[in-house]
Amino acid sequence: MTMTEAAALALLKEEGLPTEGMKLRPLPGGFAALVKGPEPELAVLTQGQQTFDKLWAGGSSKKKGLRRLPLNSNNAALVRRFVPGCAPKALGPEGTALGFTDLLGCDLSPAAALLAEAKDLQPFWVDVKAEDCAAWDTTLIAAADRATWGALAAADGKSYGAAVVVDKEEDLVKALLYGYSSIGFDLKGEVDLGVAELSAAETNERYEKLPELFRSALTASYLQSEFDAEGFKLRYEENELKRIILGYGRALMHSQYIYETYLQGSPWPLDYEADFSKVPLSPAAHYLLAKEWERNSVKVTCLTLDAARFESCPDVLEAHCRIAAFFGHRLGLLHADTALADPKKVRSLLKEKVHFKLSSLIFKAVLKTMEEKEPALAEKICRALSDGSEKTVADLSPSAIKEHEKILGAQSEMKAALKNFAAQNKEACAAMLGELTASFVKKL
């Protein structure tokens, strides 16, 4: 027996719960809804579903058919499973995505409302790195759960992604269990940066130790032709090719291993992200990696770089854009909110296949709100970010904001202050996040 929407609303009103603006979402036998307030909770309204009702954990039920439940991981997992539109989906390489990195537990509602109207933009309501979660005393499951509650509240029916970048296989397994739709692997540990310091003789000596058939195949593939990637032309010199193989060969093999071991046979669609944001990657290396992935049927959805590396060399970024557009994967750009001067041009070069990672947007929204409400605390944090030289958010350099996770990550007092402020000022921080999101969207 299924409860009607009218009966569900009547029960909520009898319980004295606010229903204005509330979104009732269908689930087996009834509805689910996020009840906002100082202590948000989940309302599950069902009728004649005893076996189903027993799945939920905690909370209370004062009226028949209504359960008031805490926002815990058990209940978030059930919402993802049973409420349509609340589980993240693989978004594929097409279209423009915006990724939100939330380590502070913010309300994403205003940003969600804005993007619900932007039909050509796809949100990643969680876009985190496992190492940042650990540094900021949160977990991968907590980040996934926050996105779930945001999706339940939004009720716009728009698909969203949940992206995580890991550097350990055990974290990758956890991410799969928690329902992340985009699995990224940080390949910095598989890149040999020391190759750049080798002499030509040393390079050749190491290269000659590779299997002869492999070396012959590389020579035939890359030293005989000029390549054209959407107007970006490149021709490999022999020494350059050797350095790329020595420097990125392990990354190429490991990225293929990760795909074939964990993602290729997945019973549900997943996005796969190859993250090179912590290491330099030349356009020539990017092209070779993409070519080899294509040759070996490794379906990389997104290759991620740090946008800050290209602030003084936009022509190199353009080359990366053209290569990504040629091979058809998204280009992920870390720190897109602080380091990209012209995201519209980047989006155009990539034929809209781009993942703008707004890595500092939520942090900046909290800090700007704090500046309005608790200026002394905001000044203290700004000084910590700038070695004592800057007092306001406006004074901070983009690099200081960009590096906030690393600078403040080891300072437990600062982390606690930011989290407590965000928790106590949810509506104001959310409104500021909406403004900052709108400002970035206007640049597109």
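Buried here means under 20% relative accessible area, with exposed over 50% and partly exposed in between, using a 1.4 Å probe and protein chains only. Strands (E, at least two residues) and helices (H or I, at least four) are DSSP runs numbered from the N terminus.

A quick word on the source: this is a predicted model, where local features need pLDDT of at least 70 and side-chain atom pairs count only at pLDDT 80 or more, while totals for chains, interfaces and linings use all residues. Residues are numbered from 1 along each chain as its sequence is written, and side-chain values use heavy atoms, with hydrogens and water left out.

Back to E7, residues 161-166: 6 of its 6 residues are buried, so the strand is largely enclosed by the rest of the structure. Who are its neighbours? Strand E6 (residues 121-129) runs parallel to E7, joined by 5 bridges, and strands pair if DSSP finds at least two bridges between them. Lys129 stands opposite Val165. E7 also runs parallel to strand E8 (residues 182-186), with 4 bridges, and there Val165 has Gly184 as its bridge partner.

Now, cysteines. How many disulfides does a search of the whole structure find? It finds 0, counting a disulfide as a pair of cysteine sulfur atoms within 2.5 Å. The sulfur of Cys321 is 12 Å from the closest cysteine sulfur, in Cys302, so that is too far for a bond. For Cys429, the closest is in Cys106 at 5.4 Å, also too far for a bond. Cys321 is buried at 0% relative accessible area, and Cys429 is buried at 2%.

Finally, the largest pocket. On a 1 Å grid over the protein atoms alone, a pocket is an open set of points where a 1.4 Å probe fits, with protein on both sides within 12 Å along at least five of seven lines; lining residues have an atom within 4 Å of a point. The largest pocket holds about 900 Å³ of space, and its lining has 27 residues, with Pro40, Leu71, Gly105, Asp107 and Lys426 nearest the centre. Helix H6 (140-154) gives the most to that lining, 6 residues. The second largest pocket holds about 450 Å³. Among the residues closest to its centre are Asp132, Lys278 and His335.

How values were computed: Grid points are joined across faces, edges and corners, and a volume is the space filled by probe spheres set on the points.
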